[in-house]
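I opened the model today and kept short notes as I went.

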Amino acid sequence: MPRSPAPEGLSAFADQAVIDGLVDGQQAAALKEAARAAAEAAHPFSPEEEYYLGRAVAAEIFSAYRPYGRADINAYIDRLGQGLALFSPRPEIFAGYHFMVMDSEEINAIASPGGHILVTRGLLRKTKSEDELAALLCHEIVHVALGHGLASMQGARLAQVIFDYALRAGKAGGGEAAVFAESFGEAISELASVLIVSGYSQASEFRADAEAKRMLAAAGYDPEALARLIERLPATEDAGGVSFVTMHPAASSRLEALREIPLPPVQIANVSAAERGARFNAMRKLF
Amino acid sequence: MKRRTTKGLGLPVMFLFLTATVLIAQPQAKAPGEMRTQVAKSHIRASPSVIAPILATLEYRARVFVYEGKDGWAKVQVPGSNKVGYMFLSSLAEKSLPAAGVDAAAPGVSGSEVALAGKGFIAAAEESYKKSAHADYSRVDAMEAAEYSPASLLAFLSGAR
């Protein structure tokens, strides 16, 4: 997916707004400051804003991948994922968590900030049980629950997106947003690229592993399933060019970190391991 | 330099929008008081457990009286009754925007502007973006189509037939 050219800084951006007569110098300065402060806040976006930004990112990602057309596989992954999300650190996000399978040999999973989680067939084929499939979905859910996607945008870039978004929102219905549409689109494109290619910080990855393991235990899955999956993923780039593994810390450090996680008790009732196994085996033929 | 007036609600609302973006997404333990939901759909459960029965379903920005917040759960009054239930604390936000932030940034902001800042603004921004970027949201919309109740999700998860 081609990367757009690096954008100008927030200052040049705001200066252009002044030149175009959309704001005066004082307003531009105030907006810049507010955008910078918001970008540095622990939670610069409300769940609703996160959702709309996430939708823009997901639309961008879909331009790089083709959805897998099988309704049965998508329904299985979606129901499993939405159920697992109930055990996450943030079970209710603005419009909920949604899952879809991408028809690609790459070993990859991408989570948009709005709760849209995309998993490739290549990655699904690496799972050997519903426990391991659940482990991978939990890991992605946690990235959304803890807001890792937005955090991985550089501070200045995030400030620019907020500034542009606010400016655009302020002109809603006015049709003058075209001037900034290109830069906003570049910001979205860049975030999508970050999520597809380079992933999250190492700290975020360790945190996603830890929370995923807890979620597995709470949902009555084998908490060791995540470690097994991590061990099995290839150490080198696989077909398709983008390796799940190159985006993450080394397997050995992830496994080390996972060993010490205290686990909650099982919270779900009437688990049928036999049924989980049977349906996974039926579905995996279609991965 | 002549300033073109922006259409729509103007600059004060942009300041408001930016201030609104600093809303606390995951509040800590709360003293009793009213809060609003910050997600499109949230559930009140009979006890502080993911698998507890659902007592009520709330829409976006619904007002809820919170008795206390602890361990990620808010003990709340079920609206329209004197029953007590439990919600995910992360689904709730402060009822009003931080007053200091609003005053400092936007003198003379009216009550209706405060209300409007929370509604439709962001959806309108998406419409504008869709047109200008020729972004295709059809697959994103398709992804969001399927919705399941917590009870049915838990039944599926456990492997119930």
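**Entry 1: a loop in chain B.** I started at D71(B), which sits in the loop between β4 (63–70) and β5 (73–77) of chain B. I keep in mind that this is a predicted model. I read the backbone next. The phi of D71(B) is near 50°, a positive value, and the residue is not glycine. Is D71(B) buried or exposed? I checked its relative accessibility and found 70%. The cut-off for exposed is over 50%, so D71(B) counts as exposed.

**Entry 2: a positive phi in chain A.** I then looked up N270(A). Its phi is near 55°, again positive in a residue other than glycine. Where is N270(A) found? I traced N270(A) to the loop between α12 and α13 of chain A. Its relative accessibility is 70%, so N270(A) counts as exposed.

**Entry 3: a helix pair in chain A.** I turned to α11 (residues 225–232) and α12 (residues 251–259) of chain A. Their axes come within 10 Å and cross at roughly 170°. Angles over 145 degrees count as roughly antiparallel, so α11(A) and α12(A) are roughly antiparallel to each other. Which residues make the contact? From α11(A) I noted L226(A), A227(A), I230(A) and E231(A). From α12(A) I noted A251(A), R254(A), L255(A) and L258(A). I sorted the contact by class: six residues are nonpolar, two are charged and none is polar.

**Entry 4: chain B overall.** I counted six helices and seven strands. Along the sequence the pattern reads α-β-β-β-β-β-β-β-α-α-α-α-α. Chain B has 161 residues, and 42% of them are buried. I also checked contact range. Of the contacts in chain B with a separation of 6 or more, 56% join residues 24 or more positions apart. The accessible surface of chain B comes to about 8,200 Å². Carbon and sulfur atoms hold 55% of that surface.

**Entry 5: helix α6 of chain B.** My last stop was α6 (residues 150–158) of chain B. Which of its residues are buried? I listed P150(B), L153(B), L154(B), F156(B), L157(B) and S158(B). I then looked up what covers them. The cover includes α4 (71–85) and α13 (273–284) of chain A. It also includes β2 (41–45) and β3 (54–59) of chain B. Just after α6(B) I reached G159(B), which takes a positive phi of about 100°.

Note on methods:
Residues are numbered from 1 along each chain as its sequence is written. Chains are lettered from A and ligands numbered from 1 in the order in which they are written. This is a predicted model: local features need pLDDT of at least 70, side-chain atom pairs count only at pLDDT 80 or more; totals for chains, interfaces and linings use all residues. Side-chain values use heavy atoms; hydrogens and water are left out. Axes are lines fitted to C-alpha atoms, for helices over the stretch in contact, and angles run from 0 to 180 degrees between N-to-C directions. Helices (H or I, at least four residues) and strands (E, at least two) are DSSP runs, numbered from the N terminus. Angles under 35 degrees count as roughly parallel, over 145 as roughly antiparallel, 65 to 115 as roughly perpendicular and the rest as oblique. Contact means heavy atoms within 4.5 Å. Ala, Val, Leu, Ile, Met, Phe, Trp, Tyr, Cys and Pro count as nonpolar, Asp, Glu, Lys and Arg as charged, and the others, Gly among them, as polar. Buried means under 20% relative accessible area, exposed over 50%, partly exposed in between (1.4 Å probe, protein chains only). Accessible areas come from the Shrake-Rupley method with a 1.4 Å probe; for residues, only the protein chains shown count as cover.
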